[in-house]
Amino acid sequence: MSFFEIKKISCIRSNKLLFKNLNFKLNNKELLIIKGANGSGKTTLLKILSGLLKPISGSIIVNKKDMNLLKDEYFKYFEYIGHENAIKSALTVRENLNFYLKIKKDLTKKNFEKAIRIFNLKNLLDVKIENLSSGEKRRVSLSRLILSKSKIWFLDEPTNGLDKINTLNFFKILKQHLQLNGLAIIASHDEIKIKSKNINLSVN
Amino acid sequence: MSNFFNLIITDIKISLRKKNESIISILFFLFSILILPLIFQGDQDILKRFLIGIIWFLTLLTIIFSVEKLFENDYEDGILDQIYISGIPLETIFLAKSLSIWIITCLPIIILSPLLLLLFNIQTEKLANIFISLLIGTPILCMIGAVTSALVLGFNKGSSIISLITLPLYIPVLIFGIEASNSEIIFNQIGQEFKILIGYLLIVVAVSPWIGGLALRLKYR
């Protein structure tokens with residue numbers, strides 16, 4: 001039995017069928033890359049997996065339990081980094097990370113220094129988000145992954161706006177996460193040089 | 001409970017940082033009151049008769065403008081999604097956002113209003129009345145506004161119709177708020193108007209978190 005499985009997931013948004021009877025299984029140490037053209041439903045699929053949208057049919061099984069039965073427990077299994085960075089522009093980098101450390105129980109302060117080091121945020125800690133570039137904002141958003149204890153990562157275009165060095169840093173932490181029995185599902189247009197399963201969503 | 005206070009403290013911190021945005025609604029309120037002598041051409045009697053009503057009406061306008069995008073900005077930035085998947089109940093999120101907008105927008109108005117009455121030489125016994133009636137009435141206005149804002153977010157279409165539908169809910173607060181502010185004695189015996197306002201407040205506090213939470217949940221379906 002796989003740790004994470006989706007069965008016959010179908011989704012209609014704005015009267016448009018995005019995907020029908022989608023199935024996949026993912027085990028520990030496995031990476032799934034969702035590919036597809038703009039509007040094919042990559043973000044929608046990730047939002048469904050994160051519980052932010054409801055599919056019209058199908059089920060999501062994690063650790064042998066149905067997502068609907070787990071209710072809020074389900075949220076503890078994953079960390080979701082969406083298309084938006086989900087950071088408050090009037091707050092500093094430190095205040096944003098502290099905000100999430102306070103409200104999200106799956107985040108731990110233990111790895112705060114590590115997150116800052118990996119994403120080169122030391123000099124930006126007390127800078128307001130509104131004064132950062134788009135790449136720097138993405139780094140702040142991705143640093144939550146280091147703080148997270150969650151087993152599954154759902155990531156929507158994680159390398160958007162990142163430079164070469166930080167993209168490589170991201171792949172490094174992704175590999176480490178997978179080696180530590182983690183799972184990841186990523187929607188990306190970029191080439192990710194890590195052994196992975198792939199699904200292609202097509203525009204209907 | 002700690003999450004509830006964390007959300008409120010963060011919102012207040014942001015509004016203090018965005019001084020221009022948060023101060024503009026208070027300036028709108030103050031400026032509108034201070035130009036009244038010009039509108040009434042210095043006629044003190046008319047001004048005194050209508051001042052309390054105008055304060056209540058401007059309070060309502062200030063609240064409507066402030067709560068309009070109470071949830072929308074956080075939703076568009078992806079922050080509401082993250083708060084939602086952190087497992088905090090949507091009802092708690094709704095209550096925290098409503099309370100923070102009340103602290104940011106209404107507390108200054110509640111404190112300033114008696115001082116404005118003093119400035120216009122209104123009987124001093126009415127100062128306590130307006131202070132207490134605003135203290136009871138403004139949370140009702142904020143929560144109705146927050147429900148509207150949540151409904152607008154929940155239903156993608158027809159936002160202007162939703163705003164119009166909820167508009168009549170504000171009117172009892174205005175009627176009884178103005179009556180309570182103008183009533184004679186409140187310390188010896190609580191007036192009927194105050195009792196009705198308190199009753200309305202209790203109903204809104206009991207019901208609105210569920211409606212607000214339900215409206216936000218529509219966004220996640």
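1. Let's start with how chain A is packed overall. This is a predicted model, in which local features need pLDDT of at least 70, side-chain atom pairs count only at pLDDT 80 or more, and totals for chains, interfaces and linings use all residues. A compact globule of 204 residues would have a radius of gyration near 17 Å, and chain A agrees because its value is 17 Å. That radius is taken over C-alpha atoms, and the globule rule is 2.2 Å times the number of residues to the power 0.38. Along the principal axes, the C-alpha atoms of chain A fill a box of roughly 45 × 30 × 30 Å.

2. A word on bookkeeping: residues are numbered from 1 along each chain as its sequence is written, chains are lettered from A and ligands numbered from 1 in the order in which they are written, and side-chain values use heavy atoms, with hydrogens and water left out.

3. Next, what chain A is built from. You'll find 6 helices and 9 strands in it; these are DSSP runs numbered from the N terminus, with helices being H or I of at least four residues and strands E of at least two. Take the contacts (heavy atoms within 4.5 Å) between residues at least 6 apart in sequence: 71% of them join residues at least 24 apart.

4. Buried residues make up 58% of the 204 in chain A. Here buried means under 20% relative accessible area, exposed over 50%, and partly exposed in between (1.4 Å probe, protein chains only). Chain A exposes about 9,600 Å², with carbon and sulfur atoms supplying 47% of it.

5. Two loop residues of chain A are worth a look. A:Lys64 has a phi near 70 degrees, positive even though the residue is not glycine, and sits in the loop between strand E4 (57-62) and strand E5 (65-66). With 62% relative accessibility, A:Lys64 counts as exposed. A:Asn181 is not a glycine either, and its phi is positive at about 70 degrees. Its loop runs between helix H6 (164-179) and strand E8 (183-187) of chain A, and A:Asn181 is partly exposed at 33%.

6. Over in chain B, have a look at helix H1 (residues 2-17). Its buried residues include B:Phe4, B:Leu7, B:Ile8 and B:Ile14, as well as B:Asn3 and B:Asp11. The buried residues of H1(B) pack against helix H3 (93-103) of chain A, along with helix H2 (19-34), helix H6 (79-85) and helix H7 (90-119) of chain B.

Key: Areas by Shrake-Rupley, 256 points an atom, 1.4 Å probe, with all protein chains shown as cover.
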